[in-house]
Amino acid sequence: MSRVLVGVSGGIAAYKACELIRGLRTREHEVRVATTQNALRFVSSLTLQALSGHAVRSELFSLSQESEISHIELADWADVAIVAPATAGFLARIAHGMADDLLATICLALRAPLIVAPAMNVNMYRHPATQANLDVLAKRGVRIVGPDRGELACGWEGEGRLVAVEELLGAVEQALDPGTYQGEVVLVTAGPTAEAVDPVRVLTNRSSGKMGFALAEQAARRGAEVILVAGPVGLPTPYGVQRMNVESAAQMQQAVMDALDRATIVIMAAAVADYRVAERAREKIKRETQDVLTLELLRNPDILAELVPRKGGRTVVGFAAETERVLENARAKLERKGCDLIVANDVARQDTGFDVDRNAVWILGPGGNDVVEVPAAAKQEVAARILDRIRQVRDA
Ligand code: CTP
């Protein structure tokens, strides 16, 4: 759990700071909020307080606010600070070192990394003054996230939208963990595989790929080079990740084996189809021709079991999707497949597992006795915990 200071300056996107605070709390960060006076015209102090769990600071010279936590204490407290939205006026103040309000003063006193997420009208953003201020800040090591392009609240279209909350969360986590995976090449498989029956039909499963994609994203944020072998899913490629799309188990096996030499860590999060159709029909199977259709299925190669003998110094992590006796089955799978860690999840649960945004897992270590439980949380958070455990095992 880290300490995140969220700064809010006065723009229409200030309401999105509420989602950012919620997202940070969900990922179990401690959050404190400091705003400009104008920010409170857009979003109430009460909302920010309820979401963060702490009184909000907005005034530099308020005796009651200063006695709670002084602005210098707040700057010292933070492991990272993010100002979202950052208005043109706020960026100008900190670019020039002006300490004329609480938020700018905190930013001057801050020693932790500072992230700013600009949001404003497109013409204000493009103005040479704003661009020069952003240049100054970037050169000073301030991380600038966005803005995005799109429809703006002021009616204009163009650059100036606050980036998505996920991107803000990503920037915070990257700043908190700049590189515990530096030098690692992480190969992740994700999603289901699809085994063709005929030119239009496939056999597949309910895996959404979200867990594998979250692992790829988190590993990239920690400085790893990431190769993501993805089955057929519609998820966007996480920032900084090299993606290879595959359909069938055979294609996934080929892609994994091709990338294996480069990898130092392999995480097999994909739900590989265990069987494929023995003979794929060349033409679409017509309904009239048969009342009962029997498909002959052949067992697919077990990619994980096959790569273990070639593992060398690599750390190999498998997943166990179970619907009953989860730990017992996962222990047996760890043993049978010979990987270093196995991540077990109960895919029969409605709230976690396949095709939802949350997961709850057990990470089983060598021998199956060493079990780390990760209670239900966002898949990004679960991915972070899995990577923490992999790091421990590699460093042991
Ligand atoms: N796996 C694999 N190749 C397969 C099947 C599974 O590499 N043909 C990998 C998965 O990516 C996962 C692990 O093996 O990391 C366990 O997958 P799971 O589907 O839980 O287990 P199975 O080996 O298929 O066993 P069972 O279906 O009997 O539970």
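A polar contact here is a pair of N or O atoms within 3.5 Å; within protein, one must be able to donate a hydrogen and the other to accept it, and residues adjacent in sequence count only if both atoms are side-chain atoms. The model is predicted, so local features need pLDDT of at least 70 and side-chain atom pairs count only at pLDDT 80 or more, while totals for chains, interfaces and linings use all residues. Residues are numbered from 1 along each chain as its sequence is written, and side-chain values use heavy atoms, with hydrogens and water left out.

View 1. Start with Ala270: one of its backbone N or O atoms sits 2.8 Å from a ligand oxygen. At Pro301, a polar backbone atom is 2.9 Å from a nitrogen atom of the ligand. On its own the ligand has 570 Å² of accessible area (Shrake-Rupley method, 1.4 Å probe; for residues, only the protein chains shown count as cover), and the protein covers 80% of that.

**View 2. The shell around the ligand.** Here you see 15 residues around the ligand, and Met268, Ala270, Phe319, Lys333 and Lys337 come nearest (near means a heavy atom within 4 Å). Sorted by class, the shell has nine nonpolar, one polar and five charged residues (nonpolar: Ala, Val, Leu, Ile, Met, Phe, Trp, Tyr, Cys and Pro; charged: Asp, Glu, Lys and Arg; polar: the others, Gly among them). Strand E16 gives the most, with four residues (helices, H or I, have at least four residues and strands, E, at least two, as DSSP runs numbered from the N terminus).

**View 3. Ala305 in its helix.** Look for Ala305 in helix H13. Ala305 counts as partly exposed because its relative accessibility is 32% (buried is under 20%, exposed over 50%, partly exposed in between, with a 1.4 Å probe and protein chains only).

**View 4. An open sheet of five strands.** The strands line up as E2-E1-E3-E4-E5, with parallel pairing (two strands pair if DSSP finds at least two bridges between them). Strands E2 (30–35) and E5 (143–144) stand at the edges with a single partner strand each, so one side of each has no neighbour in the sheet. Ile115 stands opposite Arg143 in E5.

**View 5. Thr35 in strand E2.** Thr35 belongs to E2 and is buried, with a relative accessible area of 0%. Leaving aside neighbours within four places in sequence, its contacts include Val8, Leu40 and Leu103 (contact means heavy atoms within 4.5 Å).
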